[in-house]
Amino acid sequence: MIYSYIRISTDKQTLKNQRFEIDEFCRKNGISVEKWIKETISGTREPDERKLGGLLYNLQKGDILICSELARLGRNLLMIMSILNMCMTKGVQVWTIKDNYRLGNDINSKVLAFAFGLSAEIERDLISQRTKEAIARIKAQGDHVGRPHGAKSSELKLTGKDKQIRKMLEQQISKTKIAEKLGVCRTTLRRFLRDQELFPTGLNETVC
């Protein structure tokens with residue numbers, strides 16, 4: 001089956017030019033597109049966030065995907081390589097008009113597929129290495145990396161329950177009982193009380 005994918009980034013652009021290029025290409029080569037996928041969305045969005053994701057999922061061995069240029073598939077090299085590698089792994093040919101690529105099952109395409117996969121892996125490694133170096137630099141400067149210890153647990157479990165906690169404290173309910181009712185450990189509750197300054201008048205942190 002022959003598919004065609006055309007994409008523009010904004011409503012100010014038009015899909016007509018891409019459609020015309022592909023129609024002319026098909027006419028000259030005696031073929032016809034059986035299904036068109038059109039969308040208006042930024043190429044920086046991941047394929048799964050676009051119609052392209054569904055298309056890639058449904059492509060089968062022997063299918064052909066035609067687009068005006070590789071840039072229609074994505075806006076960065078890593079994304080484009082990942083998409084091309086996926087297509088060639090599934091035995092799908094990718095044809096582009098402006099770039100004049102015919103990526104399929106021939107030996108040249110397999111070499112390209114290897115290069116695409118290797119380049120993507122190298123890029124991921126470089127990103128990972130840059131991240132590690134940045135973290136190491138921050139630590140060397142004495143700065144803290146990440147969330148404060150315990151902050152995530154308190155916020156996720158107790159955020160928004162200030163009034164409920166204050167009311168129970170005013171009723172002289174022990175912190176142990178309050179923690180049990182809220183499904184948290186007593187340490188998490190005490191930290192939340194301290195950070196939010198929720199001790200009511202007449203009570204202090206030693207109440208238990």
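Ala115 sits in helix H4, residues 107-140. Helices here are DSSP runs of H or I with at least four residues, strands are runs of E with at least two, and both are numbered from the N terminus. Ala115 is partly exposed, with a relative accessible area of 31%. Buried means under 20%, exposed means over 50%, and partly exposed lies in between (1.4 Å probe, protein chains only). Asn85 is 30 residues away from Ala115 in sequence, yet their C-alpha atoms are 9.2 Å apart in space.

This is a predicted model: local features need pLDDT of at least 70, side-chain atom pairs count only at pLDDT 80 or more, and totals for chains, interfaces and linings use all residues. Residues are numbered from 1 along each chain as its sequence is written, and side-chain values use heavy atoms, without hydrogens and water.

Now find the sheet. It is open and has five strands in the order S2-S1-S3-S4-S5, with mixed pairing. Strands S2 (35-40) and S5 (102-103) stand at the edges with a single partner strand each, so one side of each has no neighbour in the sheet. Two strands pair if DSSP finds at least two bridges between them. S1 and S2 pair in the parallel sense over six bridges. Ile6 stands opposite Lys38 in S2.

Helices lie across this sheet. H1 (residues 16-29) lies across S1, S2, S3, S4 (93-96) and S5, at about 155° to S1. H2 lies across S1, S2 and S3, at about 155° to S2. Axes are lines fitted to C-alpha atoms, for helices over the stretch in contact, and angles run from 0 to 180 degrees between N-to-C directions.

Next, look inside. The largest nonpolar core has 20 residues, and Leu55, Leu59, Leu73 and Leu84 have the most contacts inside it. Strand S1 (2-8), helix H2 (51-58), strand S3 (64-67) and helix H3 (77-89) each give it two or more residues. H3 gives the largest share, six residues. A second, separate core has eleven residues, among them Leu158, Met168, Phe192 and Leu193. Such a core is a set of buried Ala, Val, Leu, Ile, Met, Phe, Trp, Tyr and Cys residues joined through side-chain atoms within 4.5 Å.

Finish with a helix pair. The axes of H6 (residues 162-170) and H8 (residues 186-196) come within 12 Å and cross at roughly 105°. That makes H6 roughly perpendicular to H8, a label for angles of 65 to 115 degrees. Asp162, Ile165 and Leu169 in H6 meet Leu189, Phe192, Leu193 and Gln196 in H8, where contact means heavy atoms within 4.5 Å.

Methods
Parallel < 35°, antiparallel > 145°, perpendicular 65-115°, else oblique.
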